[in-house]
Amino acid sequence: IGFSLLFSFIGFTFTHVPTIKWKSILMVLIAQLSNAYYLFTLWLRIYLVDTVLNTTDPSTEEHLIVPGSRIHTAFILGLAWILPNFILLFADYFQLAVLEMGYNIRFHLRVNLFRKYLNYTEESRAAVPIQDLQESMMVDIPDLVSNGYLIIFNMFSMLGKIFWVGIFMLKKHPESATPLVVYPAAMLLYLRLRYSRRLELLAKTGEAESETKGWLIHADRANELVNVFKRRGFVIRTFEDILKKQRKLVMEFKYFSFWNGQIIPWITILAIGSYIGLAGHLVSSGLLSLGSFLATIGVYKDLGDRFEGIYDGLQAMIEVVDPLAGLTQQFNLEIEVPAKVAVYKEREKRVLDQLEGNRRQGKSEAF
């Protein structure tokens with residue numbers, strides 16, 4: 001139910017928050033510019049090593065951009081490396097100045113939650129203490145916007161880069177593309193096996209933090225009684241116990257996160273080491289160019305970084321499931337409006353019936 005709720009939130013934000021739909025589409029499209037530049041730099045590095053800097057092979061002279069001049073060809077490659085970054089810089093500025101979405105989504109959620117809170121029934125208001133409302137407004141909604149919606153654009157960008165990297169690896173050395181299968185399989189399996197445990201720890205940690213804030217508010221409101229009955233020591237000891245309990249949960253979650261964070265880096269280490277050991281001889285035997293070999297090692301590192309980013313993104317999305325569930329509950333608590341509408345309609349019906357009765361009796365309709 002966690003991810004289905006999250007997907008519903010993403011769909012709601014995309015379709016119902018003003019300006020978000022067209023901005024989201026443009027964000028996904030613009031993100032592919034950096035992926036195209038990344039693929040371009042891969043071919044650039046291979047060409048630099050295999051052709052421009054390969055002075056031992058006279059046949060490479062025929063493939064220089066400037067015939068007979070390696071120096072001028074290298075200069076052109078340098079320009080080709082630099083100039084596209086001005087386009088990327090403009091694209092990044094355009095995203096910041098025009099396509100910024102965080103404020104609009106936070107504004108929409110906060111205003112509507114506040115409107116909902118003002119219309120709560122007494123029972124609903126009692127179910128949402130003020131510290132919980134404050135936590136929702138100042139912490140949960142910003143986290144949900146960042147890690148529940150905006151993060152998907154970074155993930156789309158990384159997926160696009162993985163797609164182009166896959167094409168490069170399949171074209172240059174198909175056997176080297178094995179990690180493209182290993183990474184997602186290991187990542188999804190690991191997340192699936194530890195998904196329930198993560199939600200459990202997040203829920204316990206959130207409850208402990210809420211208990212800490214609740215106790216501070218309670219101590220502030222009961223300060224006069226505490227002073228009158230000289231119970232400061234009891235209040236402090238109780239607060240110490242709450243903090244110790246919270247510390248235990250925090251460390252448990254840190255250990256959990258530490259081991260979760262090891263899987264992708266170790267796949268990358270094993271992939272690079274295996275490729276060096278198994279494919280190194282292809283260079284010496286002439287079956288693989290040095291440029292392609294070095295580029296593939298760099299690609300493995302980049303591939304690991306991208307999958308690690310996706311893995312971290314998925315974990316961040318899992319972490320907002322619990323606050324999203326809380327916000328969903330707050331948005332769906334009973335409000336006074338239906339009861340007020342029913343009273344208004346009852347009064348309207350009574351007045352109309354009275355007017356109709358007066359009309360039939362030929363009396364004046366004035367009050």
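Student: At roughly what angle do the axes of α3 and helix α4 (residues 84–97) cross?

Tutor: The axes of α3 and helix α4 come within 4 Å, where axes are lines fitted to C-alpha atoms, for helices over the stretch in contact, and angles run from 0 to 180 degrees between N-to-C directions. Helices are DSSP runs (H or I, at least four residues), numbered from the N terminus. The crossing of α3 and α4 is at roughly 5°.

Student: Are α3 and α4 roughly parallel or roughly antiparallel to each other?

Tutor: This is a predicted model, in which local features need pLDDT of at least 70, side-chain atom pairs count only at pLDDT 80 or more, and totals for chains, interfaces and linings use all residues. Residues are numbered from 1 along each chain as its sequence is written, while side-chain values use heavy atoms, with hydrogens and water left out. Angles under 35 degrees count as roughly parallel, over 145 as roughly antiparallel, 65 to 115 as roughly perpendicular and the rest as oblique. The axes of α3 and α4 cross at roughly 5°, and the two helices are therefore roughly parallel.

Student: Which residues of α4 make the contact with α3?

Tutor: Contact means heavy atoms within 4.5 Å. From α3 come L79, A80, W81 and I82.

Student: At what angle do helix α2 (residues 20–52) and helix α3 (residues 70–82) pack?

Tutor: The axes of α2 and α3 lie 11 Å apart, and the angle is about 165°. That makes α2 roughly antiparallel to α3. The contact involves residues of both helices, including Y37, F40 and L44 of α2 and A74, L77 and W81 of α3.

Student: How many residues of the contact of α12 with α13 are charged?

Tutor: These helices pack at about 30°, with axes 4 Å apart, and they are therefore roughly parallel. The contact is made by M317, I318 and E319 of α12 and V321, D322 and P323 of α13. Four of them are nonpolar (Ala, Val, Leu, Ile, Met, Phe, Trp, Tyr, Cys and Pro), none is polar (the others, Gly among them). The charged ones (Asp, Glu, Lys and Arg) number two.

Student: How much space lies in the largest pocket?

Tutor: A pocket is an open set of points on a 1 Å grid over the protein atoms alone, with protein on both sides within 12 Å along at least five of seven lines, and lining residues have an atom within 4 Å of a point. The lining here has 32 residues, and E135, D140, G206, D322 and P323 lie nearest the centre. By class, the lining has 13 nonpolar, nine polar and ten charged residues. The space in the largest pocket is about 880 Å³.

Student: Which helix gives the largest share of the lining of the largest cavity?

Tutor: A cavity is a set of points where a 1.4 Å probe fits but cannot get out, and the largest cavity holds about 30 Å³ of space. Its lining consists of Y190, L191, R194, Y195, R198, F256, N260, Y311 and I318. Two or more of these residues come from each of α8, α10 and α12. The largest share, five residues, comes from α8.

Technical notes. Points joined across faces, edges and corners; volume = space filled by probe spheres on them.
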